[in-house]
Amino acid sequence: MTLSVAQTYAYTVPAGLASSAQVGCRVQVPFGKRKATGYILENDVPESRGELKEIDKVLDAEPLFPPELVPFFQWMAEYYRFPIGRLIQSALPGGLNTRSFRTARLTPKGREILAMLSPRLEEQKTLQWIKLHRGKRLALPADRVRPLEKKGWVIVEALEKKGRGGPLLKKWIRVKPGAKPPAAAGRAAPSPGSPNEAEFFARLVCEQGVLLADLKTQFQNSAYLVDKWIKKGVLECYQAPVVRDLVGNIFFPSPVPVELFDQQQKALKAVQDRLDSKTFAVFLLHGVTGSGKTEVYLRAIEHACRQERQSILLVPEIALAVYMEGLFRSRLGERVAVYHSALTDKERYRQWMKMVRGEVDLVIGARSALFAPFPRLGLIIVDEEHEFAYKQEEAPRYQARDAAIVRAKMRKIPVILGSGTPAVQSVHNALTKRYHLLSMPERIEKRPMPIVQVIDMKTRTAAGKGEILLSSELKHGLAHTLAQGRQAMLFLNRRGFNRVHLCRFCGQTMRCRNCDLALIHHLKDDCLACHYCGYRIRPPQTCPACGRAGMKTFGFGTEKLEEELKSLFPESRVVRMDRDSTRQKGETYRILKLFHNREVDILMGTQMITKGYDFPNVTLVGVIAADFSLGFPDFRAGERTFQLLAQVGGRSGRGEQPGRVIIQTFNPEHYAILSARDHDYETFYRHEVTLRKQLNYPPFAYLACLRIQGNLKEETMRLAQKIGREMEHLLKIGPQKTKEIRVLGPVEAPLSRLKGKYRWQILVKSKQSNLLHQYLDKAEEVFRPLLASGGVSLSIDIDPYQML
Ligand SMILES: [Zn+2]
Ligand SMILES: [Zn+2]
């Protein structure tokens with residue numbers, strides 16, 4: 001077992017284990033009266049620590065991570081306040097134990113002894129067995145082997161089971177970059193005996209890369225043709241796995257672009273300079289979709305490869321990792337690893353060990369790839385850096401993008417953060433010169449941005465037209481799109497909450513007067529509450545802004561929308577995609593595939609449908625109620641809304657046809673909505689950052705969220721309140737500067753009951769990061785003993801994203 005201890009402990013290594021006890025190996029050690037598994041973090045511990053115990057055994061035949069990672073693990077554990085052993089355990093691939101077996105071998109001394117011992121002695125028999133079973137599973141009881149190990153006669157180690165080979169590589173044929181195929185030049189010159197040569201080239205030219213096997217089925221003489229044109233230097237053969245996208249289409253490994261555009265060239269040059277000088281720098285690569293960010297990543301990675309250094313490419317989700325893998329393998333070949341939670345334990349382990357051994361140059365993965373155990377890390381790239389998916393919401397809670405920057409800093413290497421709608425925090429850092437801003441404002445394929453129309457829903461509901469879900473514009477838009485044989489996507493966000501409290505006449509929402517957050521309507525005791533500071537009011541009957549009796553809690557979900565669509569367009573095929581309809585594994589892919597194959601006309605759902613998928617036949621995207629996102633009880637609600645609308649809008653008009661986006665809202669004047677309509681990041685940013693500064697939210701302050709959970713309602717509440725009082729008290733007795741810290745709460749969490757637990761939370765705000773941590777250190781000393789009585793647990797979320 002891995003113990004949840006915050007400190008590290010020192011042990012001595014018996015002589016026989018000295019060579020195998022390397023940094024990065026797991027060991028079994030005595031811990032009190034138990035045995036525990038630990039990791040070797042350091043080899044030269046100062047001796048003056050009194051009597052030390054010995055380690056029992058080394059569990060790994062080779063280190064699981066390089067010494068370089070140790071300081072990073074230490075920083076993570078400290079900053080995110082999580083026991084280091086459990087942090088490392090969570091970083092390592094699962095299934096480590098099942099993947100290796102124990103074996104023993106004789107040391108030179110052991111061989112000497114064996115020759116001298118009498119064959120009747122048990123020790124001799126043991127040594128003899130070990131000699132005969134070298135590299136085989138150790139099938140002897142531990143008490144027979146252990147004494148010999150301690151004497152330094154044998155070495156016990158873990159060996160890895162031999163797995164099967166890597167992903168299946170196939171042969172692909174393509175026109176060599178820069179070469180002129182005869183058909184492409186329009187001068188198909190069929191040589192004698194090959195009348196199909198023009199057709200053969202037509203296929204190769206338009207598809208950029210074709211499986212050799214596919215060519216064989218299509219052209220009987222393909223072997224001859226391929227061979228002939230490879231010899232002429234027009235075609236080339238390369239190996240790559242067959243990678244399919246979510247909807248089952250094969251990704252064609254892309255050809256090498258001959259030239260970079262100006263904006264790409266500049267960005268790449270800046271990164272290459274830092275790679276050459278081996279210095280730390282954060283680059284914020286702000287480029288709209290289609291501006292060619294991926295090509296910049298690729299070339300920077302290739303540059304690092306030439307320096308024999310490895311790169312990490314983080315992507316926010318697995319679907320993107322799969323896509324990127326296909327792309328990068330066609331360029332970098334076999335030296336690419338992937339690492340994410342959709343792999344089996346066995347595959348994760350294999351990929352991990354390839355990285356440890358330096359057998360790959362690049363890993364592409366979701367946030368867990370942050371810990372990639374490369375021996376010579378040279379570059380980190382965080383793609384779509386604004387995505388909230390980089391924040392891990394289960395323990396250990398961390399922000400992979402932020403942590404990636406720290407890792408780069410420790411290694412003195414550059415890191416690239418790429419996005420079309422960068423996080424407010426990242427832009428703030430760029431403007432204050434902590435990051436270098438690299439701008440790529442132009443779309444390479446010059447496709448126009450979709451036309452966005454904002455519909456004011458107040459004018460609809462008030463007029464009693466019953467247009468609550470669908471405005472007449474959206475209805476007409478849908479009818480028009482369907483009549484043209486095009487497809488539409490409808491987006492209804494209801495993450496966590498499917499209700500919003502507002503005035504249907506003027507759109508006024510009720511907000512906390514301390515925190516400027518949307519108040520959440522608690523139905524059971526009919527009150528509106530702020531879950532940052534605990535401010536509560538009775539829901540007013542009349543609107544404080546317009547004085548009319550229009551205050552109402554609106555709640556509607558995807559089921560209701562589906563019903564309405566089906567009755568409006570009985571002929572069309574409507575499919576709903578949300579967490580309820582995709583509980584079954586593979587259902588998401590099935591729905592996307594149907595939609596991709598145009599077997600579905602209208603796809604509606606939650607933000608699941610907004611992620612990077614490319615459906616060229618979609619020409620209309622509708623946002624049912626942007627207010628759900630705006631009314632989200634979170635200081636990042638504006639940022640979320642802007643990014644979401646930009647992303648949703650980007651789904652429209654990705655093919656030849658121009659796209660259209662219709663946004664329905666009760667708050668059409670909101671800056672996030674207006675800026676999204678105008679594709680205007682700058683205006684959005686200026687508004688947002690002014691508000692954050694006024695209200696002291698990040699990036700102008702640091703936050704920590706303390707979550708208190710318990711099985712019993714009263715007990716949990718009492719303890720939360722007690723902890724809150726103690727924390728306030730600490731502020732009063734602390735030195736002058738602790739007065740800058742603010743403690744908000746305790747308040748009941750918006751999701752006041754989750755998985756049977758009652759939940760409370762306390763928010764701590766500080767202008768300075770180190771001050772916050774010093775204060776939390778003290779606070780932990782005070783509240784840890786309070787928790788000892790059992791039943792209630794407390795976790796700390798540093799730089800929290802979700803306070804639900
Ligand atoms: Zn009103
Ligand atoms: Zn508040």
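This is a predicted model: local features need pLDDT of at least 70, side-chain atom pairs count only at pLDDT 80 or more; totals for chains, interfaces and linings use all residues.
Residues are numbered from 1 along each chain as its sequence is written, chains are lettered from A and ligands numbered from 1 in the order in which they are written, and side-chain values use heavy atoms, with hydrogens and water left out.

**Entry 1: zinc ion (ligand 2)**

I looked up the protein donors and found Cys512 (SG), Cys515 (SG), Cys530 (SG) and Cys533 (SG), lying 2.2 to 2.3 Å from the zinc ion (ligand 2). Donors here are N, O and S atoms within 2.8 Å of the metal (3.2 Å for Na, K and Ca); water is not among the atoms, so sites may look incomplete. The angles among the four donor atoms are 103 to 114 degrees, and the site is tetrahedral. For four donors, that word asks that all angles lie between 85 and 135 degrees. I also checked accessibility: cysteine 512 and cysteine 515 are both buried. Buried means under 20% relative accessible area, exposed over 50%, and partly exposed in between (1.4 Å probe, protein chains only).

**Entry 2: zinc ion (ligand 1)**

Next I turned to the zinc ion (ligand 1), which is coordinated by Cys503 (SG), Cys506 (SG), Cys543 (SG) and Cys546 (SG) at 2.2 to 2.4 Å. I noted this site as tetrahedral because its four donor atoms subtend angles of 101 to 117 degrees. Along the sequence I read the donor spacing as C-x2-C-x36-C-x2-C. Cysteine 506 sits in the loop between strand S18 (499-503) and strand S19 (520-522), and cysteine 546 in the loop between strand S21 (536-537) and strand S22 (551-555), so this pair ties together parts that are 40 residues apart in sequence. Helices (H or I, at least four residues) and strands (E, at least two) are DSSP runs, numbered from the N terminus. Cysteine 506 is partly exposed at 25% relative accessible area, and cysteine 546 is partly exposed at 29%.

**Entry 3: salt bridges**

I counted a salt bridge wherever a side-chain nitrogen of Lys or Arg is within 4 Å of a carboxyl oxygen of Asp or Glu. The count comes to 34 salt bridges. One of them joins arginine 144 and glutamate 122, with the closest N and O atoms 4.0 Å apart. Arginine 144 lies in helix H6 (residues 142-150) and glutamate 122 in helix H5 (residues 122-132), so the pair ties together parts 22 residues apart in sequence. Arginine 144 is partly exposed at 24% relative accessibility, and glutamate 122 is partly exposed at 48%.

I then looked at arginine 511 and aspartate 516, whose side chains meet in a salt bridge (3.3 Å, N to O). Arginine 511 is partly exposed at 33%, as is aspartate 516 at 30%.

**Entry 4: a sheet**

Last, I found three strands forming an open sheet in the order S2-S1-S3, with antiparallel pairing. Two strands pair if DSSP finds at least two bridges between them. Strand S2 (34-39) and strand S3 (57-58) are the edge strands, each pairing on one side only. Strand S1 (residues 26-31) and S3 are joined by two bridges and run antiparallel. Glutamine 28 stands opposite lysine 57 in S3.

Technical notes
Four donors count as tetrahedral if all angles lie between 85 and 135 degrees; four count as square planar and six as octahedral if opposite donors are over 155 degrees apart and all others between 65 and 115; anything else is irregular.
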